[in-house]
Amino acid sequence: MSHSVRAARRRLCDDHADTIAAIDDCADRVTTSWDTARTTNRDALVDSLRAELVAADIFDRLPALLAAAVDATASDLRARPVPAAPYVVVTSRGPLLRATIDPGRLVIRFDVFEIVRADGAGHQPEYHRVDGVRLHVSLEN
């Protein structure tokens, strides 16, 4: 793990723990409507998570987290991030933040769901709630 990645991760964990906890709460609320511990409906999952993030006033705060992470790397953003693609997107795993900085592309994932793929034809992927939030920070070239 590079120094930049460690610095970005540390900044997020130290200064934005409340937002990370709120993302966790939003994911919990998404699962309350499920009949089982999983779902196979990717689109409904993504739409529900986005709606929960918006309702909790988290979605619009995500660009500030991205800016803080970039600042921690001692890099500059090429443009001001906004709560929209390509900077902020909601995936079937959770919120994803991206910024292009001098050493490459900084990618931050807040995984609150995991994808379980079954073997065999005709089986849809299943989406399961993970325990908490798995924070992944990477720098891609």
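**Group meeting: a walk through one chain**

Hi everyone. With 141 residues, a compact globule would have a radius of gyration near 14 Å, and this chain has 16 Å, which agrees. That radius is taken over C-alpha atoms, and the globule rule is 2.2 Å times the number of residues to the power 0.38.

Please keep in mind that this is a predicted model, where local features need pLDDT of at least 70 and side-chain atom pairs count only at pLDDT 80 or more, while totals for chains, interfaces and linings use all residues. Residues are numbered from 1 along each chain as its sequence is written, and side-chain values use heavy atoms, leaving out hydrogens and water.

Now the layout. You can find four helices and five strands, in the order α-α-β-α-α-β-β-β-β. Helices (H or I, at least four residues) and strands (E, at least two) are DSSP runs, numbered from the N terminus.

How much of the chain is buried? Buried residues make up 41% of the 141; the word means under 20% relative accessible area, with a 1.4 Å probe and protein chains only.

Let's finish with the rings. The count comes to one aromatic pair: tryptophan 34 and phenylalanine 113, tilted, at 5.7 Å centre to centre and 40° between the planes. Tryptophan 34 sits in the loop between helix H2 (17-31) and strand S1 (38-39) and phenylalanine 113 in strand S4 (residues 104-116), so the pair ties together parts 79 residues apart in sequence. Rings of Phe, Tyr and Trp (its six-membered ring) pair if their centres lie within 6.5 Å; planes under 30 degrees apart are stacked, over 60 edge-to-face, the rest tilted. Tryptophan 34 is buried at 16% relative accessible area, and phenylalanine 113 is buried at 1%. Thanks!

Methods
Buried means under 20% relative accessible area, exposed over 50%, partly exposed in between (1.4 Å probe, protein chains only).
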